[in-house]
Amino acid sequence: MALVRTLTSSARPFFLFHRIQGKGTALVTARGVHFSYVPDTPDPGHGTTSRMNLFQSITSALDISLEKDSSAVIFGEDVAFGGVFRCTVGLRDKYGAARVFNSPLSEQGIVAFGIGMAVAGSTAIAEIQFADYIFPAFDQLRNEAAMFRYRTGNLFDSGRLTVRAPCMAVGHGALYHSQSVEAFFAHCPGVKVVIPRGPIQAKGLLLSCVRDNNPCIFLEPKILYRAAIEEVPSGDYELPLGKADVILEGSDVTLIGWGTQVHVLREVAEIAQEKLNVSCELIDLRSILPWDHDTVLASAAKTGRVLISHEAPITMGFSAELAATIQSECFLNLEAPIERVCGYDTPFPHVFEPFYMPDKWRCLEAIKKLVNF
């Protein structure tokens, strides 16, 4: 089955997605896409499931949040109409214009408004239409949301604020619609930063963010909105923040990623096993801040070799923090220098996106370096 869908927004350019769905695996065929998607298996303990893609699982989480919390509101550019990626479709009709409404095209204003609502006692769920445009709101997130509780001596806080934003490469987004911004906010004590890898993860992690007592930034890999399809629990469930997920267990090399890059690394692990007889342990970090030291360090100590990969530029990317901590805590266990396979220190290119991406072949070469060191 082939599906071509064009989405338009009054605020942003249009995007074209082309998906071909196979048996059990969704392969995205938009220009420059570099991964295949293998769906997760739902936890039977979470009850009955429905077939959802990632944006539908987010809609489901938002629906549950509005239904169970009468103070919850959703706002942002075009969200009343469903949003550019359709994550809020149908929610205004169901809950009314007072709870799901459009904002002016002002990211600083969106976050400032959300902080005010959270401080006043509401559950505020703000959407920034693209993570690339979150920077006008950086001051509000860094100097207000992250510090409100600290600077008032715990008299006030904005912990009931969640900011959602699509992130990462989409195959044709170029420099203003492809960026990975997680490392910027990882330097902000007082907020939590979360990135899901698929629909099951997205729903459970988003519900946890909405209900957490700290302001959360929830970054959604936009290329997965339609490419990622899973049987998602229909009801209410949460997944823990600050806890990494070991997807594959292995003995020779630890692979660490988040968001879309997890799926690249899953394929790399399969190739390494088949071609090199190298057993890889794959970790989805999920939470950038706080991140799961225990799981990462235990794996690094076990395998002695570590590869960290993300789409953001390598210099000061979050892989640097991981590598520094692993080197400090696991130095005597390491059999080779830690490898980082990341984006380059350039603006995100358009026609040269395939050369920029940390694809499976670049990651496989890094594994060869690790095992042959």
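Q: Taking buried as under 20% relative accessible area, exposed as over 50% and partly exposed as in between (1.4 Å probe, protein chains only), how does K368 count?
A: K368 counts as partly exposed, at 30% relative accessibility. This is a predicted model, in which local features need pLDDT of at least 70 and side-chain atom pairs count only at pLDDT 80 or more, while totals for chains, interfaces and linings use all residues. Residues are numbered from 1 along each chain as its sequence is written, and side-chain values use heavy atoms, with hydrogens and water left out.

Q: What does K368 pair with?
A: The side chain of K368 meets that of E365 in a salt bridge, at 3.2 Å from N to O; the term stands for a side-chain nitrogen of Lys or Arg within 4 Å of a carboxyl oxygen of Asp or Glu. Both residues lie in helix α13, three residues apart, which is about one turn of the helix, and E365 is itself partly exposed, with a relative accessible area of 45%. Helices (H or I, at least four residues) and strands (E, at least two) are DSSP runs, numbered from the N terminus.

Q: And how many salt bridges in total?
A: The count comes to 20 by that rule. One of them joins K302 and E281, with 2.5 Å from N to O, and this pair links distant parts of the chain, since K302 belongs to helix α10 (residues 293-303) and E281 to strand β15 (residues 280-284), 21 residues apart.

Q: What about E339, which Lys does it bridge to?
A: E339 forms a salt bridge with K369, where the closest N and O atoms are 3.4 Å apart. This pair too links distant parts of the chain, with E339 in strand β18 (residues 339-343) and K369 in helix α13 (residues 360-372), 30 residues apart. E339 counts as buried at 16% relative accessibility, and K369 counts as exposed at 53%.

Q: Which residues form a network of salt bridges?
A: D40, R197, D245, R266 and D284 are linked in such a network.

Q: Switching to the sheet of seven strands, what is the strand order?
A: The sheet is open, with mixed pairing, and its order is β7-β6-β8-β9-β11-β10-β16, where two strands pair if DSSP finds at least two bridges between them. The edge strands, each pairing on one side only, are β7 (100-102) and β16 (287-289). From one strand to the next the twist averages 20°, with axes taken as lines fitted to C-alpha atoms, for helices over the stretch in contact, and angles running from 0 to 180 degrees between N-to-C directions.

Q: Are β8 and β9 parallel or antiparallel?
A: Strand β8 (residues 123-127) and strand β9 (residues 161-167) pair in the parallel sense over four bridges, and I125 stands opposite T162 in β9.

Q: Which strands does helix α3 touch?
A: Helix α3 (residues 107-119) packs on the sheet and touches β6 (72-76), β7, β8 and β9, its direction making about 170° with that of β6; contact here means heavy atoms within 4.5 Å. Helix α7 (residues 199-211) lies across β8, β9, β10 (192-194) and β11 (216-221), and runs at about 160° to β11.

Q: OK, aromatics: how many pairs?
A: The structure holds 13 aromatic pairs, and one of them is W291 with F318, edge-to-face at 6.5 Å centre to centre and 85° between the planes. Rings of Phe, Tyr and Trp (its six-membered ring) pair if their centres lie within 6.5 Å, with planes under 30 degrees apart counted as stacked, over 60 as edge-to-face and the rest as tilted.

Q: Where do W291 and F318 lie?
A: W291 lies in the loop between β16 and α10 and F318 in helix α11 (residues 318-330), so the pair ties together parts that are 27 residues apart in sequence. W291 and F318 are both buried.

Q: And how far apart are Y344 and Y356, centre to centre?
A: Their centres are 6.2 Å apart, and the pair is edge-to-face with 80° between the planes. Y344 is partly exposed at 40% relative accessibility, while Y356 is buried at 3%.
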